[in-house]
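Subject: Structure handover

Hello,

Here is the structure you are taking over. My notes on what was found in it follow below.

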Amino acid sequence: MSETTTLHVGGAAPYDVLVGHDLADRLPVVLGESVQRVAVLYSGELAEQVQPLVDLLVEHYDVLALGLPDGERAKTAPVASDCWEALGESGFTRSDAVVTFGGGATTDLGGFVAATWLRGVRVVHVPTTVLAMVDAAVGGKTGINTGAGKNLVGSFHEPAGVLCDLSLLSTLPRDEFVAGLGEVVKCGFIADPAILDLVEGTEPEALTADSDVTRELIERAIRVKIDVVVDDLKETGGVDGHPGREVLNYGHTLAHAIERASGYAVRHGEAVAIGAVYVAELAARAGSLDPALVERHRAAFGRVGLPTTYADASFEDLLDAMRVDKKTRGNQLRFVVLDDLATPRILAGPSEHDLRAAYDALASRA
Ligand SMILES: NC(=O)c1ccc[n+]([C@@H]2O[C@H](COP(=O)([O-])OP(=O)(O)OC[C@H]3O[C@@H](n4cnc5c(N)ncnc54)[C@H](O)[C@@H]3O)[C@@H](O)[C@H]2O)c1
Ligand SMILES: O=C(O)C(=O)C[C@@H](O)[C@H](O)[C@H](O)COP(=O)(O)O
Ligand SMILES: [Zn+2]
């Protein structure tokens, strides 16, 4: 059995992200000694996968297992409210803990419930998708959607630990696996170009759940995320022109608009790939990004099987949706753009002409 990698997240509330196999038995140590009740919030589709973890926990704690609606359907106020009611009925106190088990939608909802119940209880994430391992479970962003858009309600609530059990990826459908690589490739462009070299130098079929390259990609992407959140946990801004935590939002302004426009039929990681190509096109027009790097976006995301075009919504509808992005200030849209590989900055208030031209460039390849 391979070794476990420990990636430490420093700051005011430090914790570890463990990457390895069969990590469930680490949970009692990560949960700590004060815990009496554990609420396991899991995607209802993963009832079989979560059972061994529940079986282990009942040996130590009073366990409340709450199956949630699957995927994005979990990220709503009514689902959060149902969880609060269940916690209340079980007498869940501040010394108890939440464990989430699922993809990013589950860790976002479960993290939000943990952040808000009694104004904050301990949470440990057990992510079961590539995307949740490399991104959603790390860094403390939690949230739910509203009618106006993605993640518009939420809070920053850091976990007490994250267990990335690579064995859990064995049942992940290929489309979901590939979607997670969207956030990994994003990390390659914003901070760690070695990720791009690995993706470009590996046959796509060799990127399987159990391959060494996949593990290296996952660990590299987690390191990128940790390095960013340690310096700017609450997204208040970076130093020396670096966007700070907003850099992790590369490609997300259009991505969230596309997810909403598609009724969440387009997966988050897929939308991020499209959004990154869009913002590269924008940076080539309103900034200084070399056209060859724009094409490298298409090539790298496309190589792993992600979409790089989109024409299913009008520019006007997407522009309206982009206005509710959290990076917007007043009426001014703000985007994370690159001047070069791993050289991000904020582009504030691009012209509508450039925004539309970039969309036309994206849509024209559809
Ligand atoms: N908080 C953050 O920092 C952050 C970062 C990135 C993304 N997100 C959010 O994460 C969400 C996307 O997460 P996601 O891509 O993991 O999608 P998801 O949570 O919707 O899961 C995708 C699908 O995979 C299934 N699944 C999960 N694990 C499985 C497994 N091991 N075996 C079989 N099926 C499995 C789920 O049941 C679901 O149907 C979005 O809502 C996005 O906004 C949050
Ligand atoms: O952790 C962050 O910060 C990110 O922006 C990571 C993104 O990949 C993630 O999708 C996040 O949920 C988006 O945040 P939001 O603030 O735009 O809702
Ligand atoms: Zn994302």
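Helices and strands here are DSSP runs, with a helix needing at least four residues of H or I and a strand at least two of E. The model is a predicted one.

By those rules, the span of residues 180-328 is 59% helix and 0% strand, and its end C-alpha atoms lie 26 Å apart. An unreviewed UniProt entry annotates this span as "domain: 3-dehydroquinate synthase C-terminal".

Domain 1 puts 27 residues into the contact and domain 2 puts in 28 residues. On the side of domain 1 that touches domain 2, the elements giving two or more residues are strand 1 (5-9), strand 2 (15-20), helix 5 and strand 8. Helix 5 has the largest share of that side, with five residues. By class, this side of domain 1 has 15 nonpolar, nine polar and three charged residues.

Ligand 1

Ligand 1 is surrounded by 34 residues, and the closest are G71, G103, G104, A105 and T129. Two or more residues of this shell come from each of helix 4 (104-116), helix 5 (130-136), strand 8 (149-156), helix 6 (174-190) and helix 10 (268-286). The shell around ligand 1 consists of nine nonpolar, 15 polar and ten charged residues. Domain 1 and domain 2 each supply at least three residues to it.

Ligand 2

Which residues are around ligand 2? They are D135, G139, K141, G143, K150, N151, E183, R245, L248, N249, H252 and K326. Strand 7 (141-146) and strand 8 are the elements that give two or more residues to this shell. Its make-up is one nonpolar, five polar and six charged residues. Ligand 2 lies between domain 1 and domain 2, because both give residues to the shell around it.

Annotated binding site

The unreviewed UniProt entry also carries a "binding site" annotation, which covers E183, H252 and H268. These residues span 86 residues in sequence, but no two of their C-alpha atoms are more than 10.2 Å apart, so they gather at one spot. E183 is part of helix 6.

Helix packing

Two packed helices are described by the angle between their axes and the distance between the axes. For helix 10 and helix 11 (residues 291-303), the angle is about 175° and the axes are 9 Å apart. Angles over 145 degrees count as roughly antiparallel, and helix 10 is therefore roughly antiparallel to helix 11. The contact is made by A273, A276, V277, A280, E281 and A284 in helix 10, which meet P291, L293, V294, H297, R298 and F301 in helix 11. The residues of this contact are nine nonpolar, one polar and two charged.

Regards

Technical notes
Residues are numbered from 1 along each chain as its sequence is written. Chains are lettered from A and ligands numbered from 1 in the order in which they are written. This is a predicted model: local features need pLDDT of at least 70, side-chain atom pairs count only at pLDDT 80 or more; totals for chains, interfaces and linings use all residues. A residue is near a molecule or strand if its C-beta atom, placed from the backbone, lies within 6 Å of it. Ala, Val, Leu, Ile, Met, Phe, Trp, Tyr, Cys and Pro count as nonpolar, Asp, Glu, Lys and Arg as charged, and the others, Gly among them, as polar. Domain bounds come from an automatic or database domain assignment. Axes are lines fitted to C-alpha atoms, for helices over the stretch in contact, and angles run from 0 to 180 degrees between N-to-C directions. Angles under 35 degrees count as roughly parallel, over 145 as roughly antiparallel, 65 to 115 as roughly perpendicular and the rest as oblique. Two residues are in contact if their C-beta atoms, placed from the backbone, lie within 7 Å. UniProt positions are given in the numbering used here, feature names are shortened, and annotations may be inferred rather than shown by experiment.
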